[in-house]
Amino acid sequence: MAINLNKSALIVVDVQNDFLLGGALAVANGDEVIPVINQVQDKFALVVATQDWHPANHGSFAANHEGKKVGDFINLKGVNQYLWPIHCVENSEGAGFPKALQGQTWNKIFKKGTNPEVDSYSGFFDNGKIEETGLSDFLKGEGIEKVFVTGLAADYCVKFTVLDALDLGFETYLLTDATKGVNVSPNDTNDALTEMEKKGAILIQSNALL
Ligand code: VGL
Ligand code: ZN
C-alpha cells in the first residue's frame, strides 16, 4: 500500500540534543529516531522542524520556582504546569540539533516555548492556546493537506502537535518508529498513541513510505 505524498509535509518535532542520550531531559532510546527521520525525509517536498527554545527564566523549569522540584506541578498563568529540569535553553548546545540529523534541506524551523510565562508542547500553539508559532499558516500557505509527524517526545510535544494538526484540519499521520516517549508514568507513550488514534490520527511505520 503506497501512501500518496502529494500535498504532504513531514514535521520533525524537537529532535534536539537535550532530548537525546546525555541530554538534560533525555528520552530513552530517543536517538533511534534520527536514522529513521534521515531516511524518510527525502520522500517529502516539504520538511519543517520545531525547536524547543526556552529563555533561562522559563516557568516550566523547576529550578525557577523556590521550593519546587522536577515532577511537581504549579499553576502557571492558569495552566497546570509539570515542572521539568532546565532544558533547551535558547542558544545552548542542548537546544541545538544533533550532527547526525540531516537538517540541511529543511524548509523552515519553528521555535516554541520562547515566552517564559507559558509552556508550548504543540508545534502549533502554546499550552494556553494564546499564540501561534506560525506553523499552521505556513503549511496552509504551501498547500499542505497531510502532515506526517515524527520526533520527541511522543507523550508531550509530538502528541500535542498531532492533536492540534487534527483540530486544524490536516490529515495527520504519526510515524510510530520515528518517535519515542518520556514516560513520566510507564504507560504514557502507549496512552498517547491511543489518544492520538482515537482523535483520528493514522499510525503507520516509516517503511510504509519507502
Ligand atoms: C518537551 C517537555 C518539555 C518535548 C519539551 O519536546 O516533548 N517535553 N519541553
Ligand atoms: Zn520544553
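**Entry 1: helix α3.** I began with α3, which is largely enclosed by the rest of the structure because nine of its eleven residues are buried. Buried here means under 20% relative accessible area, exposed over 50%, and partly exposed in between, with a 1.4 Å probe and protein chains only. Helices (H or I, at least four residues) and strands (E, at least two) are DSSP runs numbered from the N terminus. I listed the buried residues of α3 as C157, V158, K159, T161, V162, L163, D164, A165 and L166. They pack against β1, β5 (108-112), β6, β7 and α4; contact means heavy atoms within 4.5 Å. Just after α3, I noted G169 with a positive phi of about 95 degrees.

**Entry 2: ground rules.** I am working from a predicted model, where local features need pLDDT of at least 70 and side-chain atom pairs count only at pLDDT 80 or more, while totals for chains, interfaces and linings use all residues. Residues are numbered from 1 along each chain as its sequence is written, chains are lettered from A and ligands numbered from 1 in the order in which they are written, and side-chain values use heavy atoms, with hydrogens and water left out.

**Entry 3: the nonpolar core.** Which residues touch the most other members of the largest nonpolar core? I found I11, F124, L139 and F148, in a core of 60 residues. Such a core is a set of buried Ala, Val, Leu, Ile, Met, Phe, Trp, Tyr and Cys residues joined through side-chain atoms within 4.5 Å. The elements that each supply at least two residues are β1 (8-13), α1 (33-40), β2 (46-52), α2 (135-141), β6 (146-152), α3 (157-167), β7 (171-180) and α4 (188-199). With six residues, α3 gives the most to this core. I then followed I11: leaving aside residues up to four places away in sequence, I11 touches V48, F124, L135, L139, V147, F148, V149, T150 and T161. In soluble globular proteins, nonpolar side chains tend to be buried together.

Entry 4: I wrote them down as V33, I34, V36, I37, N38 and V40. Their cover includes β1, β6 and β7. In the loop between β1 and α1 I looked at L20, which counts as buried because its relative accessibility is 3%. Beyond residues up to four places away in sequence, L20 touches V15, A26, G30, D31, I34, P98 and L152.

Entry 5: D52 counts as buried because its relative accessibility is 3%, and H54 counts as buried because its value is 0%.

Entry 6: Most residues other than glycine have a negative phi, and most peptide bonds are trans. I noted that the peptide bond from L152 to A153 is cis, with omega near -10 degrees; A153 sits in the loop between β6 and α3. N29 is not a glycine, yet has a positive phi of about 60 degrees. N29 counts as partly exposed because its relative accessibility is 48%. N183, in the loop between β7 and α4, also has a positive phi, near 55 degrees. N183 counts as partly exposed because its relative accessibility is 30%.

**Entry 7: the largest pocket.** I put its volume at about 360 Å³. Its lining has 20 residues, with Y121, N127, Y156, K159 and F160 nearest its centre. The elements giving two or more residues to this lining are β4 (79-82), α3 and α4. On a 1 Å grid over the protein atoms alone, a pocket is an open set of points with protein on both sides within 12 Å along at least five of seven lines, and lining residues have an atom within 4 Å of a point. Grid points are joined across faces, edges and corners, and a volume is the space filled by probe spheres set on the points.

Note on methods. 1 Å grid on protein atoms, 1.4 Å probe; cavity = no way out; pocket = protein on both sides within 12 Å on 5 of 7 lines; lining within 4 Å.
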